[in-house]
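This briefing concerns a predicted protein model. Please view the sequence and the structure together before reading the points below.

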Amino acid sequence: MEFKTKFEKVSDWEENCYELYLISQGSFADDIYFLYLHENSTQKKTYDYLITHNIYNKLLKLYILTEKPDEKCIKS
């Protein structure tokens, strides 16, 4: 059995500070996204950008990776 994977990366370090990875495992498992957000990025702005530019498929699972936030900036 041949195991094929597809790996794509989209990033924007100029304006939104993110990297989005699409990992596809063919019929072995569902495609998934990993979104890395830099500590200086804005989650809402990045999400809006991804949706507006049709970069992210909302039907797929999304795992978000972030740097440890500054505790002073965390809101309830």
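The points below cover confidence, the nonpolar core and the salt bridge.

**Confidence**

- The protein in this predicted model has a mean pLDDT of 75, and 78% of its residues reach 70 or more.
- Among the elements of the protein, strand β3 (residues 32-37) has the highest confidence, at a mean of 87, whereas strand β1 (residues 6-12) has the lowest, at 65.
- Residues 1-5 have a pLDDT below 50, and this stretch makes 7 contacts in the model beyond near neighbours in sequence.
- Where pLDDT is low, predicted coordinates should not be read in detail.

**Nonpolar core**

- The largest nonpolar core comprises 8 residues, namely Y18, L20, L22, Y33, L35, L37, L50 and Y56.
- Strands β2 (18-24) and β3 each contribute at least two residues to this core.
- Strand β3 is also the strand with the highest mean confidence, at 87.

**Salt bridge**

- A search of the whole structure returns 1 salt bridge.
- The salt bridge joins the side chains of K44 and D48, with an N to O distance of 2.9 Å.
- Both residues belong to helix α1 (residues 43-52); because K44 and D48 lie 4 residues apart there, about one helical turn separates them.
- K44 is exposed, with a relative accessible area of 54%, and this value is over the 50% cut-off for exposed residues.
- D48 is partly exposed, with a relative accessible area of 31%, which falls between the 20% and 50% cut-offs.

Methods: Residues numbered from 1 in each chain as written. Predicted model: local features only at pLDDT ≥ 70, side-chain atom pairs only at ≥ 80, totals over all residues. Heavy atoms only, no water. pLDDT = per-residue confidence, 0-100. Contact = heavy atoms within 4.5 Å. Salt bridge = Lys/Arg side-chain N within 4 Å of Asp/Glu carboxyl O. Buried < 20%, exposed > 50% of the residue type's maximum accessible area, 1.4 Å probe, protein only. Core = buried A, V, L, I, M, F, W, Y, C linked by side-chain atoms within 4.5 Å.
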